[in-house]
Structures are given as C-alpha cells and as structure tokens.
Amino acid sequence: MKTLTLHLHNPNVDGALSEISVQDNLPTGLVVAQTTDAATSCPGGVVTATPSGTTVRLTGATLAAGASCTVSLSVLSNVPGRHVNSIPAGAVSTKEGVSNA
C-alpha cells in the first residue's frame, strides 16, 4: 500500500478560492485501497474515495490567497513499476470560475 498525495495551491495574491472541486481519475492499474485513509488539509473540503475504486474527489474546499493544501489516500496496484498520476486540464474548478490549465 502506498500514499497518493495531491497538492493544491492558490497562486492569487489577493483573492480566496471557494467551492474548490477536483476529480482525479487514477492511472490504469492503480486503485483506492480497502482502507482508504482519505484525508485533506483543505479547509471545508470533503474527500470521496471508494475502496477498490479508480476515482478520488475533493469537494467544497476553500483556499485563502497564496495558501496550499493536500488531499491524501491509500492506493494499491497489482501492476509492478511506477505509476504517473496526472490531473487533466479542467479537472479542478472553483466558484470563481478558476480551473487548472
């Protein structure tokens, strides 16, 4: 079992981001562990990760200007080697209309 950590950062110098939502589709061969240990340091955020699932979601988070936070969960793989997890453009959204490019 390994820990997958997503890092989020608000680069704005004078504005908070609210209702942050992220959907991460895990790479092929990687699944959420039976004991997910899903957690977030993102204020107000709720993490959803179903055991044996291939998706993790963060909803309802807020980040102050210049702030960062993380989402973490336990994952497993029956495929040896390294797995690269990428968040595609548009998978992050906020109430303010900000998205990842």
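Q: What is the strand order in the open sheet?
A: The open sheet has four strands in the order β5-β6-β2-β8, with antiparallel pairing. Strands here are DSSP runs of E of at least two residues, and helices are runs of H or I of at least four, both numbered from the N terminus. Two strands count as paired if DSSP finds at least two bridges between them.

Q: Which strands stand at the edges?
A: β5 and β8 do, each with a single partner strand, so one side of each is left without a neighbour in the sheet.

Q: Before going on, what sort of model is this?
A: It is a predicted model, where local features need pLDDT of at least 70, side-chain atom pairs count only at pLDDT 80 or more, and totals for chains, interfaces and linings use all residues. Residues are numbered from 1 along each chain as its sequence is written, and side-chain values use heavy atoms, with hydrogens and water left out.

Q: Fine. How many bridges join β2 to β6?
A: Six, between β2 (residues 17-25) and β6 (residues 55-63), which run antiparallel. Leu17 has Leu63 as its bridge partner in β6, and Gln23 has Arg57.

Q: And how many join β5 to β6?
A: Four, again with the strands running antiparallel. On this side Thr48 stands opposite Arg57, and Val46 has Thr59 as its bridge partner in β6.

Q: What about β2 and β8?
A: β2 pairs with β8 (residues 92-93) in the antiparallel sense over two bridges. Val22 has Val92 as its bridge partner in β8.

Q: Which residue in the hairpin of β5 and β6 takes a positive phi?
A: Ser52, with a phi near 70°, in a hairpin that has five residues between the strands. Ser52 lies in the loop between β5 and β6.

Q: What is the phi of Glu19?
A: Near 50°, also a positive value in a residue other than glycine. Glu19 sits in strand β2.

Q: Switching topic: how many disulfides are there?
A: One. Cys42 and Cys69 form it, with their sulfur atoms 2.0 Å apart; the cut-off for calling a disulfide is a pair of cysteine sulfur atoms within 2.5 Å.

Q: Where do the two cysteines sit?
A: Cys42 is in the loop between β4 (39-40) and β5 (46-49), and Cys69 is in strand β7 (residues 68-77).
A: The torsion about the S-S bond of Cys42 and Cys69 is about 85°, so the disulfide is right-handed. Both cysteines are buried.

Q: Which residues touch the most other members of the largest nonpolar core?
A: Leu8, Ile20, Cys42, Leu58, Val71 and Leu73, out of 21 residues in that core. A nonpolar core is a set of buried Ala, Val, Leu, Ile, Met, Phe, Trp, Tyr and Cys residues joined through side-chain atoms within 4.5 Å.

Q: Which elements give two or more residues to this core?
A: β1 (2-9), β2, β3 (30-32), β5, β6 and β7.

Q: What does Val71 touch?
A: Leaving out residues up to four places away in sequence, its contacts include Leu4, Leu8, Cys42, Val47 and Leu58. Contact means heavy atoms within 4.5 Å.

Q: Back to the whole protein: how many helices and strands?
A: Zero helices and eight strands.

Q: What share of the residues is buried?
A: Buried residues make up 34% of the 101.

Terms used:
Buried means under 20% relative accessible area, exposed over 50%, partly exposed in between (1.4 Å probe, protein chains only).
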